[in-house]
Amino acid sequence: MGSLSVNLCGIELSNPVIPASGTFGYGYEYAELYDINELGTFSFKGTTKDARFGNPTPRIAECTAGMINAVGLQNPGVEKVISEELPKLKQCFHKPVMANVSGFSVADYAYTCERLDREEQVGWLEVNVSCPNVHGGGMSFGTQPEAAAEVTRAVKAVTKKPVIIKLSPNVTDIVSIAKACEDAGADGISLINTLLGMRINLRTRKPIIANTMGGFSGPAIFPVALRMVYQVAKAVKVPVIGMGGVSSAEDVIEMMLAGATAVEVGAANLVNPFICRDIIRDLPETMAKYRIENLSEIIGGVTNG
Amino acid sequence: MKQSIFTILSNTALTDSVYKMVLSGDTSAITAPGQFVNIQLDGLFLRRPISVCDYDGSTLTIIYKVVGKGTETMRAMAPGKKLDILTGLGNGYDLSLTGEHPVLLGGGVGVPPMYNLAKKLLEQGKKVSVILGFNTKNEIFYEEEFKALGCDVTVTTVDGSYGVKGFVTDALPEYYTHFCCCGPEPMLKAVYRATKTSGQMSFEERMGCGFGACMGCSCKTLTGSKRICKDGPVMKKEEILWEA
């Protein structure tokens, strides 16, 4: 059997499959269902300096081959994440975990990352400069190269752990933002966060989402995500984590061929809570089918012409 | 929670728009009345959460109203069709809180979860009053089924075409020890105001996952924020916080 392992910013992953932040909580809901140590790692629920209830409901709308969410970074705040969630996480997951961080100012990002840097189990900091569901923050840092670079520099200054910047697709030139983050010291880039979307209820003529708009995810966005991963991976030297609509072993391989070192799975977890485990179990057979010996060899292996 | 494949045994109309589906499969994850299941349907991305009406060791009964794409798809399904279902979701009603004479109030498609709840309470030797609220006579279902269990049943209709004219709150018995209720939010609010005892109510919200992972259905309560799918859908009266 070929090898599934990949190296993500200096840390070995037993396989490249990573449940994406916001779809996996702090792990323990899923640990009731299967041994989540089968995962490469997972990215825990987006954490901010202070506790947030998030947006009003409805926060969820269905779409063709996908969904819109406008949760709005609900989380108990970094102190409670450290004192209450991480001890529970540690009980069921014994590998380095990816800490996902959001903020409303550069200082917020630095504060939260500095707190999480001290947590032994945190392997990587995934810094979300791309949340479409909060006002006055989140995505606004990820839509300007200089603002994204400023967050990157501030975070790099407070941690020795690998810093991965998670980018928004809701921009005109994602490559320039990725390069600005790399130049500012980012150890990796993850993409894509959700696409800004909207649905209207025909009976009430009101938006289905209470916050009017939300982030569109699911299989429908896979080609858009793949294209952006391809563009960014060609332009930067640091590892890229690909995500957006991934829901099968084939999707994982396609993302890796486009240039992803590891692959996050988001919305699919909400529909099939076993999907990441199933993808990992399907990978060896799918690799054999496409004559892949070691997964790490196919990263960026797409050939043009 | 368990993921398993169920087979439809029957799928029949109870009224113009309300259907009863009986399925066979592994019900072992269902632990309390008031829990729900989450059903995967062909061609639709998100699962559909539906309350459990009744269950035994090998069958599951759900009652659903056709309101959109998902329930339209379900109406067209024939016996023999297999469905991927997550079972044992949500907390359900706490039977230990009900005292010796609970009143159960169900409004419209809030009626179904009251059925297994009534059954379980009667098995414990409790006296059970049931009030079933509907808009009008031709929307009524399950009156006879509740009577057959041995409950004291009252039906209310908003237009007075059958039973007591008005809402479920117009038919509250003089004496009861606790209430359990499921229905549209205006009904829950009315019951909250009209009742003097402790009670439990089941809430609804658009859900992403149905098992507590996505925070799509969070609500504020007097005891902190809760996920309707995982910490609910049943809330105790004293923790409910009504928002404007």
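I began with the second largest pocket, which holds about 560 Å³ of space. This is a predicted model, in which local features need pLDDT of at least 70, side-chain atom pairs count only at pLDDT 80 or more, and totals for chains, interfaces and linings use all residues. Residues are numbered from 1 along each chain as its sequence is written, chains are lettered from A and ligands numbered from 1 in the order in which they are written, and side-chain values use heavy atoms, with hydrogens and water left out.

**Entry 1: the pocket**

I noted the terms before going on. The search ran on a 1 Å grid over the protein atoms alone. A pocket is an open set of points with protein on both sides within 12 Å along at least five of seven lines. A cavity is a set of points where a 1.4 Å probe fits but cannot get out. Lining residues have an atom within 4 Å of a point. Grid points are joined across faces, edges and corners, and a volume is the space filled by probe spheres set on the points.

I then looked up the lining of the second largest pocket. It has 23 residues, and Q74(A), P76(A), E85(A), M215(B) and S225(B) lie nearest the centre. Two or more residues each come from α1 (28-31) and α2 (78-92) of chain A and from β14 (224-227) of chain B. Helices (H or I, at least four residues) and strands (E, at least two) are DSSP runs, numbered from the N terminus. α2(A) gives the largest share of this lining, 4 residues.

I sorted the pocket lining by class: 7 nonpolar, 6 polar and 10 charged residues. Ala, Val, Leu, Ile, Met, Phe, Trp, Tyr, Cys and Pro count as nonpolar, Asp, Glu, Lys and Arg as charged, and the others, Gly among them, as polar.

**Entry 2: the cavity**

I found 1 cavity of 30 Å³ or more in the structure. The largest cavity has a volume of about 490 Å³. It is lined by 33 residues, with S21(A), G22(A), N69(A), N193(A) and T194(A) closest to its centre. β5 (66-69) and β13 (262-265) of chain A are the elements that give two or more residues to this lining. By class, I listed 14 nonpolar, 16 polar and 3 charged residues.

**Entry 3: helix pairs in chain A**

Two packed helices are described by the angle between their axes and the distance between the axes. Axes are lines fitted to C-alpha atoms, for helices over the stretch in contact, and angles run from 0 to 180 degrees between N-to-C directions.

I took α3 (residues 106-117) and α4 (residues 145-156) of chain A to start. They pack at about 30 degrees, with axes 9 Å apart. That makes α3(A) roughly parallel to α4(A). Angles under 35 degrees count as roughly parallel, over 145 as roughly antiparallel, 65 to 115 as roughly perpendicular and the rest as oblique. The crossing of α3(A) and α4(A) is right-handed. A crossing is right-handed if the near helix is turned clockwise from the far one by less than a right angle, and left-handed if anticlockwise. V106(A), Y109(A), A110(A) and C113(A) in α3(A) meet E150(A), V151(A), A154(A) and V155(A) in α4(A). Contact means heavy atoms within 4.5 Å. This contact has 7 nonpolar, no polar and 1 charged residues.

I moved on to α5 (residues 174-183) and α6 (residues 222-235) of chain A. Their axes come within 9 Å and cross at roughly 40 degrees. α5(A) and α6(A) are therefore oblique to each other. This crossing is right-handed too. The α5(A) side includes I174(A), V175(A) and A178(A), and the α6(A) side includes M228(A), Q231(A) and V232(A). The contact divides into 6 nonpolar, 1 polar and 2 charged residues.

I also checked α6(A) against α7 (residues 249-258) of chain A. The axes come within 8 Å and cross at roughly 30 degrees. That makes α6(A) roughly parallel to α7(A). Among the residues that meet are F222(A) and L226(A) in α6(A), and M255(A) and A258(A) in α7(A). I counted 8 nonpolar, no polar and 2 charged residues in this contact.

Most residues other than glycine have a negative phi, and most peptide bonds are trans. I looked for exceptions. A cis peptide bond joins T57(A) and P58(A), with omega about 0 degrees. P58(A) sits in the loop between α1 and β4 (60-63) of chain A. The bond from L191(A) to I192(A) is also cis, with omega near 10 degrees. I192(A) is in the loop between β9 (188-191) and β10 (195-197) of chain A.

C9(A) has a positive phi, near 55 degrees. C9(A) lies in the loop between β1 (6-8) and β2 (11-13) of chain A. For A65(A), phi is near 55 degrees. A65(A) is in the loop between β4 and β5 of chain A.
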